[in-house]
Amino acid sequence: MEEKKPDDLERPLECCQCRKPIEVCYTESVGQQITRFGMCKDCPVLMSKLYGQNIKGVQEAPTTLCCGACGVTLEEVRMGSQLGCPLCYEIFSDEVVHELALLEKVPQKVTVSKKGEPLHCGRIPGQTQEIDPSLKILELQQVLNETLKREDYEQAARLRDQIRAIEETQKKGRHKRGKRE
Amino acid sequence: MAKENNPTPSFERPWEKNSNAIWLASTISLYRNIDKFHFPQHLDKAKKENISNLITDALKEQPSLKNIQVFAGEKVSPLERDFLMEHFLVFDTARESQYGRAYVTEQTGSILIQVNAHDHMQLHIVDPEGKLEESLEKLFVIERGVEEKLPFAFSNKFGYLTTDASRCGTGLIVESFVHIPAIVQTGLYEDEIGKESVEGISFSGLQGMPEKLIGDLLIIKNKWTVGLKEENIISSIRAAVLRVVGKEQSVREKLVRDKEEALVDKISRAIGTLQNSFTIDTAETLQAISLVKLGIELGWVEGIPPENVNELFFDSRRAHLATRLKIDLSVTPQIHKERAEFLRGVFAPVKLT
């Protein structure tokens with residue numbers, strides 16, 4: 001029996017049906033041929049291969065709702081297919097939120113506390129605000145505290161040096177701006 | 001980049017001459033779609049070409065992009081495409097037709113813009129210096145320039161709209177490549193990293209699985225693109241990277257104090273593999289290079305500068321090697337023999353101290 005192997009082992013693996021990360025390796029042996037599939041654990045195709053065609057959720061999914069612009073159906077969205085156009089986000093809004101929450105692709109606190117409200121809280125078109133460099137110090141400080149708890153003093157010293165270096169750069173920047181003003 | 005010849009890149013190699021010990025590089029990506037158009041998989045060839053022209057014309061007008069080169073998807077060979085993906089540390093999983101797709105590069109060799117892959121425009125920047133904020137700002141400058149001419153698909157609820165809903169919102173993915181051979185080779189991975197669960201962050205190897213780290217390279221990536229601000233994504237990645245770097249440094253310091261014979265043996269065998277192999281694949285190569293790099297960092301190996309070893313993480317991969325050695329992969333699909341010969345030459349002067 002000949003087994004096909006990928007030429008290079010560097011490519012990321014994803015479900016052959018829907019592109020979610022692989023969690024199940026399914027091997028099918030028919031006669032002399034072995035076929036391997038990588039699938040996500042919720043893959044309806046995997047379910048139908050394992051338990052037959054009448055799997056709940058695969059056959060009973062309503063197929064009526066579809067995007068009027070690109071033709072993507074609700075069933076396809078539930079199968080993990082990609083969306084077809086910006087209008088899909090309006091048509092399948094609830095389903096998209098449900099899928100994101102199910103796959104843990106959105107912080108839990110956002111879906112729980114913001115039901116019906118915008119999920120997005122980042123930049124909006126045209127926004128020019130630069131990222132605040134003081135955030136760097138906050139995160140270094142947080143890692144430093146954890147390092148001290150572990151009593152890893154050498155690493156803590158390195159982190160302190162990094163914090164000092166950023167503070168020095170900020171001071172110089174403020175000094176320069178002050179002179180210009 | 002002509003189809004008949006292997007490409008000679010006319011952009012620089014930003015990761016060249018870096019001697020990073022642990023945090024080797026990061027790739028920051030922004031995913032955007034032009035408003036009012038279907039996403040690429042739902043466009044016919046003519047419309048794809050239309051969008052490709054609109055985007056590349058807008059990119060050509062960006063003052064921050066010097067000497068840009070535009071490669072039409074249908075004229076780029078698989079080798080050339082893989083070369084670009086390896087150079088920019090990008091995993092191209094869009095397997096659809098190359099028609100209407102394009103790849104845009106610029107002089108510094110840091111920025112790649114994929115047109116009509118999964119989304120209309122995927123901006124990537126490779127950053128070997130850990131300057132994540134500055135790198136993201138460079139992408140924003142290009143993004144804002146394009147947006148002035150071509151408004152992006154955006155909704156107040158979902159943010160920037162992407163083909164894959166799990167990338168909507170900020171459309172920002174940050175992947176940091178961290179080299180952790182000391183943790184892996186001393187069997188501490190499961191305790192130090194594997195059990196650690198960081199909210200919104202995923203750990204994986206080059207192949208996408210956390211339990212198999214090819215070349216002891218750990219990829220730290222954000223899981224969430226929506227529900228967070230861009231600065232929070234960046235800061236959570238940096239915090240996760242610094243934690244891993246700290247743990248790796250601690251293990252290395254312990255190894256310097258108590259030289260473990262078992263590890264010296266592994267490194268010595270890795271040198272032997274690189275100096276004597278007759279045929280060798282990418283995974284085995286990266287694993288051996290990883291051990292030699294660890295040996296250099298610990299002061300147990302000499303004969304090759306650390307920056308040259310870092311470059312080999314790129315140069316020994318399939319497309320880079322085929323390009324460097326001018327191998328036609330359609331004639332010689334397996335280049336394992338040529339790789340072994342190349343490595344024998346590079347590692348000839350290397351030895352244990």
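Trainee: At what angle do the axes of helix 7 and helix 11 of chain B cross?

Mentor: One thing before that: this is a predicted model, where local features need pLDDT of at least 70 and side-chain atom pairs count only at pLDDT 80 or more, while totals for chains, interfaces and linings use all residues. Residues are numbered from 1 along each chain as its sequence is written, with chains lettered from A and ligands numbered from 1 in the order in which they are written. Now your helices: the axes of helix 7 (residues 261-276) and helix 11 (residues 336-347) of chain B cross at roughly 120 degrees and come within 6 Å. Axes here are lines fitted to C-alpha atoms, for helices over the stretch in contact, with angles from 0 to 180 degrees between N-to-C directions.

Trainee: Why is helix 7 of chain B called oblique to helix 11 of chain B?

Mentor: Look at the bands: under 35 degrees is roughly parallel, over 145 roughly antiparallel, 65 to 115 roughly perpendicular, and the rest is oblique. Roughly 120 degrees makes helix 7 of chain B oblique to helix 11 of chain B.

Trainee: Which residues make the contact between helix 7 and helix 11 of chain B?

Mentor: B:Ile271, B:Leu274 and B:Gln275 from helix 7 of chain B, and B:Leu343, B:Arg344 and B:Phe347 from helix 11 of chain B. Contact means C-beta atoms, placed from the backbone, within 7 Å. By class, that contact has 4 nonpolar, 1 polar and 1 charged residues. Nonpolar covers Ala, Val, Leu, Ile, Met, Phe, Trp, Tyr, Cys and Pro; charged is Asp, Glu, Lys and Arg; polar is the others, Gly among them.

Trainee: What makes strand 2 and strand 9 of chain B edge strands?

Mentor: Start with the sheet: 8 strands of chain B form an open, antiparallel sheet in the order 2-3-4-5-1-8-10-9. Strand 2 (69-72) and strand 9 (201-204) each have a single partner, so one side of each lacks a neighbour in the sheet. The twist averages 20 degrees from one strand to the next.

Trainee: How do you know that strand 1 and strand 5 of chain B are paired?

Mentor: Pairing takes at least two DSSP bridges. Strand 1 (residues 23-32) and strand 5 (residues 121-127) of chain B run antiparallel and have 7, with B:Tyr31 opposite B:Gln122 in strand 5. Strand 4 (residues 111-115) of chain B is joined to strand 5 by 5 bridges, antiparallel too, and B:Ile111 stands opposite B:Ile125.

Trainee: Why is strand 5 of chain B called mostly covered?

Mentor: 7 of its 7 residues are buried. A residue is buried if 20 or more other C-beta atoms, placed from the backbone, lie within 10 Å of its own, exposed if 12 or fewer, and partly exposed in between. Both faces are covered: B:Met121, B:Leu123, B:Ile125 and B:Asp127 lie on one side, and B:Gln122, B:His124 and B:Val126 on the other.

Trainee: Why is B:Lys36 called exposed?

Mentor: B:Lys36 has 12 other C-beta atoms within 10 Å, so it is exposed. B:Lys36 sits in the loop between strand 1 and helix 1 of chain B, and its phi is positive, near 75 degrees. Most residues other than glycine have a negative phi. B:Asn67 has a positive phi as well, about 45 degrees; with 10 other C-beta atoms within 10 Å, B:Asn67 is exposed.

Trainee: What makes A:Glu95 partly exposed?

Mentor: A:Glu95 has 15 other C-beta atoms within 10 Å, so it falls in the partly exposed range. A:Glu95 belongs to helix 4 of chain A and, beyond neighbours within four places in sequence, is in contact with A:Leu74, A:Val77 and A:Arg78.

Trainee: Last one: how many residues of chain A are in contact with chain B?

Mentor: 47 residues of chain A, which are in contact with 55 of chain B. Helix 6 of chain A gives the largest share of chain A's side, 6 residues. That side divides into 24 nonpolar, 9 polar and 14 charged residues.

Notes:
Contact = placed C-beta atoms within 7 Å. Helix = DSSP H or I, 4+ residues; strand = E, 2+ residues; numbered from the N terminus.
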